[in-house]
Amino acid sequence: NRFFKTDYGKAARRWLLRQRLLSRIEDFRDLQVFSGRTTYTAIVVLEAESKRFQYSAYADLAAAELGRPAVRHTYSISAIDDNVWSFDEPELMEVHEALVKQHGSIDQHQEMRITVGLQTLYGKVYQLQPTEVGKNVVHGTNGADEKVSLERKSLRPLCRNRGFYPFRRDNADAWVIFPYDVEGETATEILWPDFKRRFPKTAEYLEDHKKQIKAAVEVECGANRWHLYTRPQNLVAQAQPKVLFPSTIEDVIAAVDPAGEVYQDNVRINSLTVPGLDLYAVAAVLNSTLFTALARLKAGLSDSGWRQFNRQFAELVPFPLARLRDGTAAPRLAALAQRIQAIQEERAPVAGEGGRHGVQMTLAALWDELDREVEQLYGLTPDQRAVVSRYPRMMDRVELLTRQVAAPDEDEC
């Protein structure tokens, strides 16, 4: 069923609709029908000249075997287009469509730009887990658990979605070798002779691992370019203030990089830039319960209830940019976000169970206030609020401070 939602499935969706072939869809979503194999299974029944089709989805395999769907809905083919198909939550789908008409989606706002992260040459060598960050040298371990000490100026801080939570202030959980100079809107390659002169420790380290790198990945041609990234994408875009959010989610969570100092890992983290708008207000919207409900609706499937939320899916979420720019909501949301951030940072040193409980209650009340502000920003009707209330977050935002679970499919490169 992945072709229901992916870019590569759009042509198939368009063909099925234009030929008026859809008669019935039995969707097992992320239920694992075939033992020992990860699949996302659906039965699509085709019939010529169909005017409508019946969609069914199941809570578990036992219900499917008994023919007892958790969702059963009939759709008119003329009412469906070739954009992402999300038939399993029809009430929420109506809210989503109404909010897109009212506010536009992220991809319809030209000033909102979602950027993917660095695709480094060979992560096991190029990425370091820091143990000590000094003024001139970063000490850490690489992917082979080797102890390494490299010049700080040859590296950039990197967010890999480790221990990530809403409004986290320190988002760099690794450092990455970065053989480029970024000045303004231009990124310039640091060729090997210059790199070796400027960063002798890092150059020696790469020389020692050169055979390993070349055996593992394809490198650039030429004696002076072998250490560069083969896909040097978004080097300038990442050196800007931005909102960071993971690309594999249970719920959407977002943090702010106000100085544009943190780079992001290509596999795990996306970023969103919105010039001229307080990024804490933008992150507040992304961290809301409403945004998560709208995002999960059209996000791609992954294992164990997780969702793929890379750019093609994130761009589909309704976003009230005009209201955020024109009203007083942005300052209020930004103030709430920064207050939550400050209390989260103060939470760790609080002594005693009573003190910690008090902080948790304060945070919970602030999150409730943020959710109400965002619902007001979107202009939800009472009926829409009732629908959204049936789609709560998968994980409590306060508990995220202490409970960290690795997202699926996060293999080291």
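Start with the largest nonpolar core of this predicted model: it has 71 residues, and V282, L286, F291, F309, F319, L324 and Y378 are the ones that touch the most other members. Take Y378 as a way in. Leaving out residues up to four places away in sequence, Y378 touches L99, Q102, H103, V285, L290, F291, L294, P318, F319, P320 and R323. In soluble globular proteins, nonpolar side chains tend to be buried together.

Now hop over to S247, which sits in the loop between β13 (242–246) and β14 (248–249). Is S247 buried or exposed? Its relative accessibility is 4%, and buried means under 20%, so S247 counts as buried. Beyond residues up to four places away in sequence, S247 touches V267, R268, I269 and N270, along with R307, Q308, F309 and N310.

The structure holds 19 aromatic pairs, and ring pairs link F3, F4, F53, Y55, Y75, W85 and F87 into a cluster.

Finally, head out to the surface, where V33, F34 and L61 form a nonpolar patch with about 230 Å² of accessible area together. L61 belongs to helix α2, which covers residues 61–65. Its relative accessibility is 32%, between the 20% and 50% cut-offs, so L61 counts as partly exposed.

Methods: Residues numbered from 1 in each chain as written. Predicted model: local features only at pLDDT ≥ 70, side-chain atom pairs only at ≥ 80, totals over all residues. Heavy atoms only, no water. Patch = residues over 30% accessible without salt bridge, like charges linked within 9 Å, V, L, I, M, F, W, Y side chains within 5 Å. Areas by Shrake-Rupley, 256 points an atom, 1.4 Å probe, with all protein chains shown as cover. Salt bridge = Lys/Arg side-chain N within 4 Å of Asp/Glu carboxyl O. Helix = DSSP H or I, 4+ residues; strand = E, 2+ residues; numbered from the N terminus. Buried < 20%, exposed > 50% of the residue type's maximum accessible area, 1.4 Å probe, protein only. Phe/Tyr/Trp six-rings, centres within 6.5 Å; stacked < 30°, edge-to-face > 60°. Core = buried A, V, L, I, M, F, W, Y, C linked by side-chain atoms within 4.5 Å. Contact = heavy atoms within 4.5 Å.
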